[in-house]
Amino acid sequence: MDSLIAASARALAAGDPLGALKRVALREDPPALALRGIAMAQLGEHLRARELLGRAARGFGSHEALARARCLVAQAEVALAMRELGGSPHLLTQAVLTLEAHGDRANALHARLVAVRRLLLLGRLDAADQALAPLDARGLPPALAAVAALSEAELALRRLRTGAAEAALDRAQAAAEQARVPALQAEVAEARAALHRPAARCLSAGAAPRMLRLAEVEALLSSPVLVVDACRRGLQLASAEGALWRPLARRPVLFALARALAAAWPGDVDREGLIETVFRSRDPDDTHRARLRVEIGRLRGLLAPLAGIDATARGYALKPRDGRALVLLEPPIAGEQAALLALLADGAAWSTSALALALDASQRTVQRALAELQAQGQVRAIGRARAQRWLAPSLAGFTTILLLPAALPIA
């Protein structure tokens with residue numbers, strides 16, 4: 001490694017991409033191309049970064065497997081930043097094995113963290129937990145230790161374990177300050193701010209609506225009340241044996257019924273009101289009333305361990321088991337596309353395919369939702385055809401953790 005390459009690498013490690021480019025900007029050898037690609041990625045020029053890293057990977061000979069593996073890791077990180085989530089993780093796995101075989105522990109851990117962050121974006125929390133658990137960041141460079149702690153904090157936040165998230169953020173902040181990388185310090189500050197922003201609106205009988213932070217939502221879900229969670233579309237009841245969770249995200253009609261009944265608790269909702277809310281019909285007939293009875297029966301069977309549904313003279317009423325109180329947890333974003341807006345709120349440009357993968361929905365469904373949001377001025381598209389990406393303004397003032405796909409209740 002010559003002196004300019006070494007100096008450029010040190011500048012990149014310190015978070016100084018311009019300093020790195022000054023040393024290798026005119027060079028075309030594979031090591032310089034790789035460093036230029038990483039520098040462009042740090043500057044946000046991801047398309048150029050991908051091109052440079054691809055040229056570097058092709059330029060390294062068959063005897064330079066270690067250098068090629070490092071390029072693959074950098075390419076995977078650029079793909080993550082571009083929200084290209086549909087590729088196979090096989091190449092990254094092979095790169096990890098090569099790095100570990102050559103004793104490059106730091107870059108091997110970096111590659112594993114890239115894989116963890118991809119899983120978190122896709123909402124695959126169990127897989128991310130399994131991948132993150134065996135990683136040991138002790139003795140690693142501070143910047144890498146900060147990334148590892150940030151991944152732990154994000155997973156804890158998505159699991160609604162705010163105490164574990166704060167502890168991980170403390171470690172991330174200490175490592176980021178030691179690394180002296182402004183981008184890392186800003187990322188830690190933003191993650192910490194999410195803990196203190198409103199995350200949901202709490203509605204309960206006889207009380208004024210109030211905004212809850214993540215720690216307060218965690219405490220509510222652990223309390224002995226029936227929670228109708230409109231953020232994650234389900235019902236939860238905590239008990240000494242553990243939490244009972246009934247997901248209704250894939251059963252929109254049943255969830256709309258549960259939500260309407262919860263909003264009226266402890267009172268009832270008349271049949272015409274339920275038909276209008278759930279079936280979008282202002283002129284109900286006998287077929288609507290028959291369908292309502294069928295759907296109420298389905299909901300009654302599904303919620304049997306948590307609550308009953310009593311028929312009244314004019315409609316139906318939700319009755320939590322054992323005389324417990326009921327709370328309705330409303331999301332901070334109104335509308336059917338809250339999860340989609342929550343994904344776009346991270347400031348990155350998402351492709352339709354990546355959004356569909358993260359939401360576990362069809363691309364056509366996502367395209368229709370994006371078209372509606374674009375007509376309302378809530379999102380905008382850049383590029384055309386397969387290069388088209390979607391952006392949304394950041395949602396200041398509250399956190400969207402509870403709206404992200406696969407954000408699970410407390411176990």
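These notebook entries record what I looked up in the structure above.

**Entry 1: the model.** I noted that this is a predicted model, in which local features need pLDDT of at least 70, side-chain atom pairs count only at pLDDT 80 or more, and totals for chains, interfaces and linings use all residues. Residues are numbered from 1 along each chain as its sequence is written, and side-chain values use heavy atoms, with hydrogens and water left out. Helices (H or I, at least four residues) and strands (E, at least two) are DSSP runs numbered from the N terminus.

**Entry 2: helix 7 and helix 9.** I read that two packed helices are described by the angle between their axes and the distance between the axes. Axes are lines fitted to C-alpha atoms, for helices over the stretch in contact, and angles run from 0 to 180 degrees between N-to-C directions. I found that helix 7 (residues 105–121) packs against helix 9 (residues 142–158) at about 25°, with the axes 10 Å apart. The two are therefore roughly parallel (angles under 35 degrees; over 145 is roughly antiparallel, 65 to 115 roughly perpendicular, and the rest oblique). Their crossing is left-handed, that is, the near helix is turned anticlockwise from the far one by less than a right angle. In contact (heavy atoms within 4.5 Å), residues of helix 7 including Leu109, Leu113 and Val116 meet residues of helix 9, among them Val147, Ala148 and Leu155. I recorded 9 nonpolar, 2 polar and 3 charged residues in this contact. Here Ala, Val, Leu, Ile, Met, Phe, Trp, Tyr, Cys and Pro count as nonpolar, Asp, Glu, Lys and Arg as charged, and the others, Gly among them, as polar.

**Entry 3: helix 4 and helix 5.** I saw that the axes of helix 4 (residues 46–59) and helix 5 (residues 65–81) come within 9 Å and cross at roughly 160°. That makes helix 4 roughly antiparallel to helix 5. The contact includes Ala49, Leu53 and Gly54 of helix 4, and Cys71, Ala74 and Val78 of helix 5. By class, I listed 8 nonpolar, 3 polar and 2 charged residues.

**Entry 4: helix 14 and helix 15.** I found the axes of helix 14 (residues 271–279) and helix 15 (residues 286–302) within 10 Å, crossing at roughly 85°. Helix 14 is therefore roughly perpendicular to helix 15. This contact has 4 nonpolar, 1 polar and 5 charged residues. Arg271 of helix 14 is one of them. Arg271 also lies over the face of Tyr316, at 5.1 Å from the ring centre (CZ of Arg or NZ of Lys within 6 Å of the centre and within 35 degrees of the ring normal).

**Entry 5: backbone.** I noted that most residues other than glycine have a negative phi, and most peptide bonds are trans. Leu160, in the loop between helix 9 and helix 10 (162–179), has a positive phi near 60°. The peptide bond from Trp265 to Pro266 is cis, with omega near 5°. Pro266 lies in the loop between helix 13 (252–264) and strand 6 (269–270).
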